[in-house]
Amino acid sequence: ASGPRSYTTLRDEAVKLFNSLQQLESERDPVPLMQGVLQTCLDLPPLVDEIYCQLVKQTTEPLAPGGQGDLHYWQLLTCMSCTFLPSPPVLRFLCFHLDRQTESRFPTSEMAKYACFIREALGKTKGRECVPSLEEILVLMRRQEMICTVHCPGAPACSVAISSHTTAEEVARELVSRLGLSQSPNLFALYEQSRRREQPVGSTTLLADVLTRFE
C-alpha cells in the first residue's frame, strides 16, 4: 500500500510469502506483515490460490489450537476472504475446511467464529482495488465493522458503520434516509477530498478502498 514494488519470479515470491507465513506465527504485531502478504497477492494474482492453500494447511492441524499463532493465521485468512476470491476448486477446498471447523472440530471456538465470518465474507467479496488499510486489518482481526465519518453540507458529520463490502451507493442511501431527504428530487453522491483534488466516488466503489487510499 506504500507504493509500487519490484518483484522477482513467481516461484521466488511464493517462497518469500511462505517465509512470511512462518514468521506470522510468532509476530508480536502481525498487521504490517499481513498487509504485505495481501499487497503481494494483489500485485501477483496467481499467488492468491497458493496463499489460501497454505493458510488452510496451517489452520488444519495447529500445534496449539486457538493459540496466538493459530489465531494469526485465521486473522490473515479473514483478511484474504474480504479481499480476494480464490479459484473455484480452491474455494470448494476452503469451504470444506471452514465447515469442518465449525461443525466437527471446534464448533464453539474462536476458530469457528472466524470460519463463519470468512464463509459469509466469501459470499460478498468481488475483488478489491486496494488491500485493506492497517485500520481495516485491525477491525477484521476482531470481526467488527469500521466507522466511516462522512461530512454533509449543511448538516453535522455523520458516522456510518461499514464493512469491507459496503459501497458508496449504500452509504449515500443510508445518509439520505438518516437526514430525512428520501423525498428530495436531488441526486446525492459521495466525494473524496484530498489536498490536491476533490472527486466523486463511483456508486459501486467500496468505501474500504477509499479509506485505504487516504492511508
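Tutor: A patch is built from residues with over 30% relative accessible area and no salt bridge, where like charges are joined within 9 Å and nonpolar side chains (Val, Leu, Ile, Met, Phe, Trp, Tyr) within 5 Å. The structure is a predicted model, in which local features need pLDDT of at least 70 and side-chain atom pairs count only at pLDDT 80 or more, while totals for chains, interfaces and linings use all residues. Residues are numbered from 1 along each chain as its sequence is written, and side-chain values use heavy atoms, with hydrogens and water left out.

Student: Which residues make the nonpolar surface patch of about 220 Å²?

Tutor: L179, L181 and F188 make the patch. Its area is an accessible area from the Shrake-Rupley method with a 1.4 Å probe, and for residues only the protein chains shown count as cover.

Student: Why is F188 called partly exposed?

Tutor: The relative accessible area of F188 is 39%. Buried means under 20%, exposed means over 50%, and partly exposed is what lies in between (1.4 Å probe, protein chains only); F188 is therefore partly exposed. F188 belongs to the loop between helix 8 (168–178) and strand 3 (191–193), helices (H or I, at least four residues) and strands (E, at least two) being DSSP runs numbered from the N terminus.

Student: What makes the reach of helix 1 close to the expected one?

Tutor: Helix 1 (residues 10–24) has 15 residues, and the expected span is 1.5 Å times one less than the number of residues. The expected value is 21 Å, and the first and last C-alpha atoms of helix 1 are 21 Å apart.

Student: How do you know that the buried residues of helix 1 line one face or several?

Tutor: The buried residues are E13, L17, S20, L21 and L24. Seen down the axis of helix 1, they fall within an arc of 100°, so they line one face; the arc is that of the directions from the helix axis to the C-beta atoms. Among the elements covering them are helix 2 (31–43), helix 3 (47–58) and helix 4 (68–81).

Student: Why is S20 called buried?

Tutor: S20 has 17% relative accessibility and therefore counts as buried.

Student: What makes T78 buried?

Tutor: T78, in helix 4, has 0% relative accessibility and so counts as buried. Leaving aside neighbours within four places in sequence, T78 is in contact with Y114, F117, I118 and L140.

Student: Why is M146 called buried?

Tutor: M146, in strand 1 (residues 146–150), has 3% relative accessibility and so is buried. Not counting residues up to four places away in sequence, M146 touches E136, V139, V160, A161, I162, S163, A208 and L211.

Student: Why is the meeting of D209 and R128 called a salt bridge?

Tutor: A salt bridge is a side-chain nitrogen of Lys or Arg within 4 Å of a carboxyl oxygen of Asp or Glu. The side chains of D209 and R128 meet at 2.7 Å, N to O. This pair links distant parts of the chain, 81 residues apart, with D209 in helix 9 (residues 207–214) and R128 in the loop between helix 6 (110–122) and helix 7 (134–141). D209, at 2% relative accessibility, counts as buried, and R128, at 9%, is likewise buried.

Student: How do you know that R213 and E129 tie together separate parts of the sequence?

Tutor: Their side chains meet in a salt bridge of 3.3 Å, N to O. R213 is in helix 9 and E129 in the loop between helix 6 and helix 7, so the pair ties together parts 84 residues apart in sequence. R213, at 38%, is partly exposed, whereas E129, at 56%, is exposed.

Student: What makes R178 and E174 about one helical turn apart?

Tutor: The two are 4 residues apart in helix 8, which means a separation of about one helical turn. R178 is partly exposed at 41%, and E174 is partly exposed at 35%.

Student: How many salt bridges does a search of the whole structure find?

Tutor: The search finds 12. Salt bridges also link E110, K113 and R143 in a network.

Notes: Contact = heavy atoms within 4.5 Å.
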